[in-house]
Amino acid sequence: MKRTLSLSIGLLAFAVLPALAQTPAPNTGKIHGHVTNPSGAPQSVGSVSLSTDEGRSSKYTFPVDANGDYKGDANPGTYTVVFRQPDTPPDKMVDSFDNVKIVAGQDVNQDIDMSRKAFIDKLPKEQQDKLAEMKKHNSEALKANQIIKQVNADIQTVAQDIKDADAAAATAKNTLGAAAAKADLDAKAAEIKTAKYTEVEKAQTGLKEYDPALVNFKKALDLENALQAAGKKTNSAVQGLCQAGIGEIYARTGKVQEAMDAYDAAVKVNPSQGAFYLTNETKIFYSTSQADAQVAAADKAIALDPNAAILYYLKGNGLVQKTTMDPKTNKLVAPAGCLEAYQKYLQLAPDGPYAADVKGILAGFSQTIDNTYKAPKKKS
């Protein structure tokens, strides 16, 4: 995570003679580039000018957009490229590059990187110290941001592999044909499941080194807390993802309560993404075979997103593992809420990827498919 820095940059003074920007002739060249401020973030405001008298006047001026980019047309020639902020006096400039040649029919790239050492060295010592401290914090936040991206990528990989594994029977039938022998279909389904769960294991193993990741998530949170204490704007999305990342690490290392607390903190700090965090929590507990936590997380996620079919499947999957047998009748007895969760899944996703498995489970409990369920409204 990079933050745009608002700094009072030491400006290089030049005498300026007022001049109107010229309109390029038909036989022109192009120039474009990216402007980076001293903190290393894109410079989202300002302008870039082309001058033929070392910045004293401007032949052409191009705005810098929100991404830090600029572009424009100019007559062929050799120019000084000048960057100014919106509040830079007309007789001063923030940064410049000499001897930039515009060639007819060509597009020249000229970036303006104010994080380079030569520029930083010109700033007052106090500003250099502030920049060094900010870059240190930015470095920690960037590390955490990369981890966040990896967490989300791994969550998606694991979720897809689990989905593919659960659909192994249907895939086997599509591969071998419905007329294939049951033994062959079962063997193919087992092969698919083994391959997919092997991929799940690899994704979990390669997720990250947990201790360094935990440190970086916490450092990113510390940065956010410091900004809040200073009365500055914080980023709830970053805080939420950091808490969710911490929750995943705890879940994958067997610290269930700590994981649940971290996910709850993610929802609290960024409630707009609460269903997303809790759904991922449910999937991760599922992938790490922590059934009780899986059910608890599913219930919390359902409260926020009652129309998400996958959550009912995961709830039923967690509960079904506690199935018992009635010693008097020798019939299977599902735990409370299990069959209801499976029924709700079928109501929401009658042709979903887990529908065949769910129907088979319900049949094993001598259940008739209930078509009357309607999902409750999503909580605001």
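These exercises work through helix packing, a sheet and salt bridges in a predicted model.

**Exercise 1. Helix packing**

Task: Find the angle at which H11 and H12 pack, and how far apart their axes are. Then list the residues that make the contact.

Solution: 
- Step 1. Locate the helices. H11 covers residues 338-348, and H12 covers residues 355-364.
- Step 2. Read the geometry. The two helices pack at about 140°, with axes 10 Å apart. Their crossing is left-handed.
- Step 3. List the contact. H11 supplies Leu339, Tyr342, Gln343, Tyr345 and Leu346. H12 supplies Ala355, Val358, Lys359, Ile361 and Leu362.
- Step 4. Sort the residues by type. Eight are nonpolar, one is polar and one is charged.

**Exercise 2. An open sheet**

Task: Give the order of the four strands in the open sheet, and state whether the pairing is parallel or antiparallel.

Solution: 
- Step 1. Write the order: E4-E3-E6-E8. The pairing is antiparallel.
- Step 2. Neighbouring strands are turned by 25° against each other on average, direction ignored.
- Step 3. Look at one pair. E3 (residues 47-51) and E6 (residues 77-84) run antiparallel and are joined by five bridges. Ser47 stands opposite Arg84 in E6.

**Exercise 3. Salt bridges and exposure**

Task: How many salt bridges does a search of the whole structure find? For Asp121 and Lys117, give the distance between the closest N and O atoms, then class Asp121 and Lys117 by accessibility.

Solution: 
- Step 1. Count. The search of the whole structure finds eleven salt bridges.
- Step 2. Take the pair. The closest N and O atoms of Asp121 and Lys117 are 2.7 Å apart.
- Step 3. Apply the cut-off: exposed means over 50% relative accessible area. Lys117 has 63%, so Lys117 is exposed. Asp121 has 42%, so Asp121 is partly exposed.

**Exercise 4. A link across the chain**

Task: Where do the partners Asp292 and Lys322 sit, and how many residues separate them?

Solution: 
- Step 1. Confirm the salt bridge. The side chains of Asp292 and Lys322 meet at 2.8 Å, N to O.
- Step 2. Place each partner. Asp292 lies in helix H9 (residues 291-304). Lys322 lies in the loop between helix H10 (309-320) and strand E11 (324-325).
- Step 3. State the separation. The partners are 30 residues apart, so the pair links distant parts of the chain.
- Step 4. Class both. Asp292 is exposed at 52%, while Lys322 is partly exposed at 47%.

Conventions
Residues numbered from 1 in each chain as written. Predicted model: local features only at pLDDT ≥ 70, side-chain atom pairs only at ≥ 80, totals over all residues. Heavy atoms only, no water. Axes fitted to C-alpha atoms, helices over the stretch in contact; angles between N-to-C directions. Left-handed = near helix turned anticlockwise from the far one by under 90°. Contact = heavy atoms within 4.5 Å. Nonpolar A, V, L, I, M, F, W, Y, C, P; charged D, E, K, R; others polar. Pairing = 2+ DSSP bridges. Salt bridge = Lys/Arg side-chain N within 4 Å of Asp/Glu carboxyl O. Buried < 20%, exposed > 50% of the residue type's maximum accessible area, 1.4 Å probe, protein only.
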